[in-house]
Amino acid sequence: MGILYGLLTALSWGSADLFARFATRKIGTLRTMLYMQLTGFVLLTLAMRWLGGWGHLGDGSGWRPWAWGILAGLLNASGTLALYRSFEIGKLSIVAPLSASYPVLTLLLSMLTGERLTLARFVGIALTITGVILVARGETVPDDANKIDAATQRGKKQLGVGWALLAALAFGVMFWLLGIRVVPIVGGTPAVWIIRLTSFFFTALVILIAGSSLAPPSKKDSGWILGVGLLDTGAWVFNNLGMRLEQVSVVSVLASLYGAVTVGLAAVILREPVSRLQWVGIFSIFVGIILISR
C-alpha cells in the first residue's frame, strides 16, 4: 500500500505542476506559490476533522512536534524557491537534472540511519532515479531565454547550478526528515498542515523583502490556484501516508516521478513533444517501479 501511495504522490504532484505552468504565467511564480500554500492550508484546516484530527500538534505533546514541522516547512519553502530561481536564470537542461537528483541524498541518508534494501529494490531505485534525471534532462522550453553557445559562453553553463544544488540538498534532507522524524512525531496530515502554514509565511516574507505584489489572483485565475493547491496538498498527504507504511527511500524515489508525470500529461494534453532521451528515461522508470514492487 505504501508503494501505491508513493505513485499517487507522483501523479498528484505531476498534475499540480501542469496546473502551475498555467498559474505562473498568469500571476507569476511567487504569487502562485503564496496562494497555493494558502489554499492548501485552508482546505486542510477545514478537513482536518475528517482526516484524523490534529495529532500531536494538539494533544499536549509540547513544542517538539511544532519544531519538527516548522523545520520541514522551511526546508520545503527554501527548496522550492531555489528550484524556481535555478529555472529562472539557468539552462533548464542543466539545472533540471541536478535538482531532480535529490532522491540520491534521501537514499544515502536513509541507509546511513538504518534502512536496508534488497538487491532488487536497490537496482530498481537506481533505474528510477536515472529515469527521472533523463526525463528532466530531455525537457526543453520553446524560445528559451537562456540559450547558451557552448563555444563562446562557457561560463553561462554555471548559471543556476548553485541554486539547483541547493534545491536538491533541501529536498533530499526534507524527505529524509519527514520519514524518520516529522511524520512519526507530528503525524501524517498534521505535518502537511504545518508545512503549508510555514511555507505560506516564508513565501510572504520573501515577497515583502523583494518588494513584489501580494495582490490575490483574479476570479478568472483563481481556478488554476485552487487546482495547484488541492493537488499539491493531496500529494503531501499521500506522501506522508506512504512513509508510515513503506521505507522512506522507496516512497521518496517513487514520489520523485512527478516530473515524468508532468511530461506525460503535457505530451497528451498540450501536445508537447517527448524526446527520445525522455522515452528512455520513462522506460527506465517503469522497469525500476517493477523491481521496487517486488
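1. In this predicted model, Met 1, Leu 4 and Leu 245 make up a nonpolar patch on the surface. Together these residues present about 330 Å² of accessible area.

2. Leu 4, one of the patch residues, belongs to helix H1, which covers residues 2–27. Its relative accessibility is 41%, and Leu 4 is therefore classed as partly exposed, the range between 20% and 50%.

3. Helix H2 comprises 19 residues. The distance from its first C-alpha to its last is 27 Å, close to the 27 Å expected at 1.5 Å a residue.

4. The buried residues of H2 are Arg 31, Thr 32, Met 33, Leu 34, Tyr 35, Met 36, Gln 37, Thr 39, Gly 40, Phe 41 and Leu 44. Their cover includes H1, helix H3 (64–89), helix H8 (188–210) and helix H9 (219–245).

5. Is Leu 44 buried or exposed? Leu 44, located in H2 (residues 29–47), has a relative accessible area of 3%; because buried means under 20%, Leu 44 counts as buried.

6. Which residues does Leu 44 touch, if those up to four places away in sequence are not counted? The contacts are Leu 51, Thr 189, Val 192, Trp 193, Arg 196, Thr 233 and Val 237.

7. A separation involving Leu 44 may also be recorded. Ser 99 lies 55 residues from Leu 44 along the chain, and the C-alpha atoms of the two are 28 Å apart.

How values were computed
Residues numbered from 1 in each chain as written. Predicted model: local features only at pLDDT ≥ 70, side-chain atom pairs only at ≥ 80, totals over all residues. Heavy atoms only, no water. Helix = DSSP H or I, 4+ residues; strand = E, 2+ residues; numbered from the N terminus. Buried < 20%, exposed > 50% of the residue type's maximum accessible area, 1.4 Å probe, protein only. Contact = heavy atoms within 4.5 Å. Patch = residues over 30% accessible without salt bridge, like charges linked within 9 Å, V, L, I, M, F, W, Y side chains within 5 Å. Areas by Shrake-Rupley, 256 points an atom, 1.4 Å probe, with all protein chains shown as cover. Salt bridge = Lys/Arg side-chain N within 4 Å of Asp/Glu carboxyl O. Expected span 1.5 Å × (residues − 1).
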